[in-house]
Every structure is written in structure tokens, then in C-alpha cells.
Amino acid sequence: MKHYCLFTLILFGCITPYDPGISQNTPKLVVDGMITDEEGPYKVVLYYSTPYNNAPGSSANFINNAVVTIEDEEGISTPLRYNRSGIYETPSGMRGMIGKSYSLKIVLDDGSEYRSTAERMIPIPSIDTIYGEYQRFSRGFLRGEFSLFLDLTDVSEDESYFSWNWTHYTFEKYCGLSLNSIDGSLSATNCCEPCWSYERCNGCINIFSDELVKGSKIPRIPITKIPYDSQDPYFLIVTQRSLTKNAYYFWKDASDLVSNAGGVFDKPPVAIKGNLVNSNDPEEQVLGFFEVSSVQHKSVYFERDNVDEIPFGTPPTYRVVGSSCIPCDEGAYRTTVMPQGW
């Protein structure tokens with residue numbers, strides 16, 4: 001009895017660099033794109049690969065002059081608009097439909113044409129519940145952490161594949177902090193509007209196949225770990241996506257590659273095959289994947305005040321500076337948009 005349940009967190013450390021044999025003189029087309037049943041716009045990012053052993057800080061060679069379209073099974077073609085830095089976006093109003101198949105077509109300025117396989121948007125069930133278990137540490141800067149799990153009822157009789165991601169939000173009362181170099185006191189300036197900082201599960205590969213559990217409850221699927229650094233609730237949005245079989249095995253290969261410890265009997269590293277090919281040269285290596293997914297979200301305030309001992313340390317105190325305020329600096333880590341379910 002065997003089924004796969006893979007949860008791999010990509011960590012950066014002192015490891016031997018992986019080089020899949022991409023020559024510096026032969027850059028490869030890299031495609032990163034997705035369409036879902038949520039409101040768009042959807043994005044497709046195109047660039048040429050750079051060698052894995054390039055010096056840190058090497059910039060990607062973005063492709064800015066391609067013709068990119070998404071086609072459905074009825075032959076309806078939707079052109080994407082170039083935005084910036086190799087990013088192409090669908091027009092407003094486009095939305096994927098469950099049950100339909102979609103493919104990606106790319107034509108470069110030299111006439112080279114690339115197509116993805118047609119991927120069908122598969123429905124996905126809702127998450128039943130999210131819960132956690134506390135584990136105490138014997139050493140370190142934290143007393144412990146919570147392991148988060150979810151339960152899922154798989155109602156489909158067909159083989160199904162899933163992936164998960166999460167985003168953690170924190171409400172920011174202050175948008176400016178400064179340290180008094182004389183007495184070490186902290187001064188704070190209020191935000192001019194509601195402001196949240198957020199952290200995503202970047203680099204996570206959380207996938208699952210229901211090969212042997214179709215139509216039944218799937219318990220204790222691990223999602224993430226939450227630090228016990230406060231007794232305040234920890235707000236999290238878990239995003240669940242359906243995967244096609246092609247996408248599942250693409251990410252499974254990626255997970256296997258990341259977890260390869262480099263032992264004597266490990267498989268040698270190879271470039272992972274995606275679902276795009278050159279129409280005129282099928283042997284050309286194309287990196288990346290065009291995904292088609294339905295999506296479900298579940299928000300949770302995870303309580304952390306049920307542990308017998310309090311976290312290490314004490315919360316800092318701030319002296320609020322007058323009645324002035326600082327705008328919420330929206331960007332990659334902050335937003336003024338209230339999270340769903342807050």
C-alpha cells in the first residue's frame with residue numbers, strides 16, 4: 001500500500017551547487033505561468049536561464065517581445081499583454097473555468113514557437129479543518145513550536161492531486177520605529193491607514209496524491225510549523241490548489257531533486273522536464289511549467305495561549321511620537337488590503 005505525501009521546504013545552506021548541464025552558451029527558455037478559477041489577471045513570466053554556478057546577483061535575461069496567448073479547448077485564444085520584466089498578463093475579466101482545458105502558446109521574435117500540453121482544470125474540495133500540536137524545545141531561542149495539519153475529505157472517485165501554500169499576516173500598529181542611541185528607548189510612529197505585513201511560503205513544495213485514499217477522509221496533512229514566540233493568535237491563510245497529473249509529477253521530481261542528499265546511491269541530478277516544447281524542435285530543452293488549477297482558501301486564527309508556560313522574553317514597549325503618522329509602505333511584504341477572513 002503506497003501513496004505519496006511530499007512536503008519539502010527549500011532551505012538555503014552550505015551545499016554543493018546543482019548544475020543540470022546548462023551550458024553558459026546555450027541558455028534555455030524558462031516559463032512560469034498559471035491560470036485558475038479565481039479572478040485574474042493571470043501572469044506568465046518568460047526569461048532565459050543563466051548557469052546555476054553564476055555569481056550571486058546575476059540578473060535573469062527577461063524576454064520582453066514575445067507573443068503570448070492562452071487557448072482553451074474550444075479554440076478561443078486570449079492574448080496576454082506585456083507588462084514589465086518578462087511578465088505577460090491576461091486582460092481583465094478573464095477567468096478559468098473548472099472542467100475546461102487550457103494550453104499556452106509562445107512565439108518569440110525570431111519565429112520560434114512553443115506550446116504547452118493542454119491541462120484540464122480539476123475541481124478541488126474544501127479544507128475540513130486546520131489544527132495544530134505543540135512541541136516543546138529543550139534548547140534554543142524559542143520554548144517550542146506548533147505543527148499545523150489539515151484534514152480533507154476527497155469526494156472524487158478519480159485520482160486527484162493537490163498542493164498547498166500559506167500566507168501569514170500581522171497587523172502593524174506602527175509604521176515607523178527608531179532607537180534612541182542615548183538611553184536605548186524605542187520610539188514609534190503610527191500608520192496612516194490599516195496596514196498588514198505578510199510572509200508567504202516561498203520555495204515550499206507541498207504536494208499530495210490520493211492514489212489509495214479516493215473518496216475518503218484524508219487526515220493530518222502537514223502544512224507548516226508556527227513559532228511559539230507570543231501568546232497572541234497567529235493568523236494564516238492556507239491556499240489549496242488542484243494539480244493535473246503532469247503538474248504533480250513535475251513538482252514531485254522537483255521535490256526529489258531538492259531532497260537529494262548526494263549519497264552514493266542517489267539518482268544523478270537531471271533537468272526537470274516541464275510541459276512545454278518547441279513546435280519545430282521537440283528535442284529542445286524548455287524549463288518550467290504552465291499550470292492549470294482550481295483554488296480554495298481557508299483562514300484560521302491559530303490560538304497560542306493554551307501552553308502552560310509563557311514564551312521567552314518580554315514584548316518591547318514603545319513611546320508613540322506625537323500625532324503624526326507614516327503611510328503603509330505597500331510592496332512585497334506589506335499591504336493595506338484587509339486579508340480574507342481577518
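Select arginine 143 to begin: this residue is buried, with a relative accessible area of 18%. Buried means under 20% relative accessible area, exposed means over 50%, and partly exposed lies in between (1.4 Å probe, protein chains only). The model is predicted, so local features need pLDDT of at least 70 and side-chain atom pairs count only at pLDDT 80 or more, while totals for chains, interfaces and linings use all residues. Residues are numbered from 1 along each chain as its sequence is written, and side-chain values use heavy atoms, with hydrogens and water left out.

**Salt bridges**

Arginine 143 forms a salt bridge with glutamate 309, and their closest N and O atoms are 3.6 Å apart. The pair links distant parts of the chain, 166 residues apart: arginine 143 is in the loop between β12 and β13 (144-153), and glutamate 309 is in the loop between β23 (295-302) and β24 (319-326). Strands (E, at least two residues) are DSSP runs, numbered from the N terminus. A salt bridge here is a side-chain nitrogen of Lys or Arg within 4 Å of a carboxyl oxygen of Asp or Glu. By this rule there are 15 salt bridges.

Next, select glutamate 71 and arginine 115, whose closest N and O atoms are 3.3 Å apart in a salt bridge. Glutamate 71 lies in strand β5 (residues 67-72) and arginine 115 in strand β10, so the pair ties together parts that are 44 residues apart in sequence. Glutamate 71 is buried at 19% relative accessible area, whereas arginine 115 is partly exposed at 29%.

Which residue lies 5.7 Å from glutamate 113, C-alpha to C-alpha? Select serine 279, which is 166 residues from glutamate 113 in sequence.

**Backbone angles**

Go to arginine 220 in strand β19 (residues 217-227). Its phi is near 50 degrees, a positive value in a residue other than glycine. Most residues other than glycine have a negative phi, and most peptide bonds are trans. The side chain of arginine 220 also meets that of glutamate 133 in a salt bridge (2.6 Å, N to O).

Serine 85 also has a positive phi, near 40 degrees. Look for serine 85 in the loop between β7 (81-84) and β8 (87-89). Then select glycine 40 and proline 41: the peptide bond between them is cis, with omega near 5 degrees. Proline 41 is in the loop between β2 (29-36) and β3 (43-48).

Select Thr170, Ser230, Asp232, Arg304 and Pro315. Of the 27 residues lining the second largest pocket, these lie nearest its centre. A pocket is an open set of points on a 1 Å grid over the protein atoms alone, where a 1.4 Å probe fits, with protein on both sides within 12 Å along at least five of seven lines; lining residues have an atom within 4 Å of a point. Strand β14 gives the most to this lining, with 4 residues.

Finish at phenylalanine 171, in strand β14 (residues 161-171). Phenylalanine 171 is partly exposed, at 43% relative accessible area.
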